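Please keep the sequence and the structure in view while reading.

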Amino acid sequence: MKNKKEKNDILAAVPLPQKKSRPTWDEYFFQIAQQVSTRSTCMRRQVGAVLVKDKRLLSTGYNGAPRGISHCIEVGCLREELKVPSGERHELCRALHAEQNAIAQAALHGVKIEGSTLYCTHQPCSLCAKMIINAGIVEVYFDQGYPDELATGFFAEAGIKLHKIGG
C-alpha cells in the first residue's frame, strides 16, 4: 500500500501562537472605550466611553451629533470655522460628548448606572463632570487630558476618583 500516506505525512505541524498575557479588567474596558471611539463623527477628536459595574458593560457612547441631526463630518465643524479653542464654548458644538451619550443610552434603555465606573479615552469636561456626578458614577478612568480645571475640581468636591491610565 504505497499510495496510502502515513498519518504524519498528511498532518503538518502548526506552531501555536505565543501565549499572550490577559489584560487586566481596567485595560480590557479601556480597550473597549478606544474601540468605541472609532465610531466618533467629530472632526477634532475621537472619544469613546463605556460604563461598567461589577465587571459588566452597561453602556457605550462616542462623540457625535444627536440622532436625526447631521454629523460634523457631513456638514463641517462650526467650532473649527470660528477657531474656538478646545475646552471653550461647548454650546457651539452640534455633537454630544461620549460620556453624555453613554449616560443617555443607559437612560434610553432603562439601564441603572448608579455606582458604575466610567472608562473614557479622554478626561471629561466640566459639563460631563456634572452629568457624571448626578448619574451616580463613582470612578473615572481616562488616558488623554482635557483643558478643563473646573471639571477636576467638581470631581474632587464630589468625591469621585479620577485615574489616569498609564500615569
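In this predicted model, strand 1 and strand 2 run antiparallel and are joined by six bridges. The two strands form a hairpin with two residues between them. The points below begin with this pair, continue to the whole sheet, and end with the helices.

**The hairpin**
- Strands of a sheet pair through backbone hydrogen bonds, and the pairing is either parallel or antiparallel.
- In the turn of the hairpin, Asp54 has a positive phi of about 55°.

- Five strands make up an open sheet in the order 2-1-3-4-5, and their pairing is mixed.
- Strand 2 (56–62) and strand 5 (161–164) stand at the edges; each has a single partner strand, so one side of each is left without a neighbour in the sheet.
- On average, neighbouring strands of this sheet are turned by 20° against each other, with direction ignored.
- Strand 4 (residues 139–144) and strand 5 run parallel and are joined by four bridges.
- Glu139 has Lys161 in strand 5 as its bridge partner.

**Helix 2 and its aromatic pair**
- Helix 2 (residues 25–36) lies across strand 1 (48–53), strand 2, strand 3 (117–122) and strand 4, and runs at about 145° to strand 1.
- The structure holds five aromatic pairs. One of them is formed by Trp25 and Tyr28, with 5.8 Å from centre to centre and 85° between the planes. This pair is edge-to-face, because an angle over 60 degrees between the planes counts as such.
- Trp25 and Tyr28 are three residues apart in helix 2, so about one helical turn separates them.

**Helix 6 against helix 7**
- Two packed helices are described by the angle between their axes and by the distance between the axes.
- Helix 6 (residues 126–135) and helix 7 (residues 149–158) pack at an angle of about 20°, and their axes are 8 Å apart. Helix 6 is therefore roughly parallel to helix 7, since angles under 35 degrees count as roughly parallel.
- The crossing of helix 6 and helix 7 is right-handed.
- On the side of helix 6, the contact involves Ser126, Ala129, Lys130, Ile132 and Ile133; these meet Leu150, Ala151, Phe154, Phe155 and Ala158 in helix 7.
- The residues of this contact between helix 6 and helix 7 comprise eight nonpolar, one polar and one charged.

Terms used
Residues numbered from 1 in each chain as written. Predicted model: local features only at pLDDT ≥ 70, side-chain atom pairs only at ≥ 80, totals over all residues. Heavy atoms only, no water. Axes fitted to C-alpha atoms, helices over the stretch in contact; angles between N-to-C directions. Parallel < 35°, antiparallel > 145°, perpendicular 65-115°, else oblique. Left-handed = near helix turned anticlockwise from the far one by under 90°. Contact = heavy atoms within 4.5 Å. Nonpolar A, V, L, I, M, F, W, Y, C, P; charged D, E, K, R; others polar. Pairing = 2+ DSSP bridges. Phe/Tyr/Trp six-rings, centres within 6.5 Å; stacked < 30°, edge-to-face > 60°.
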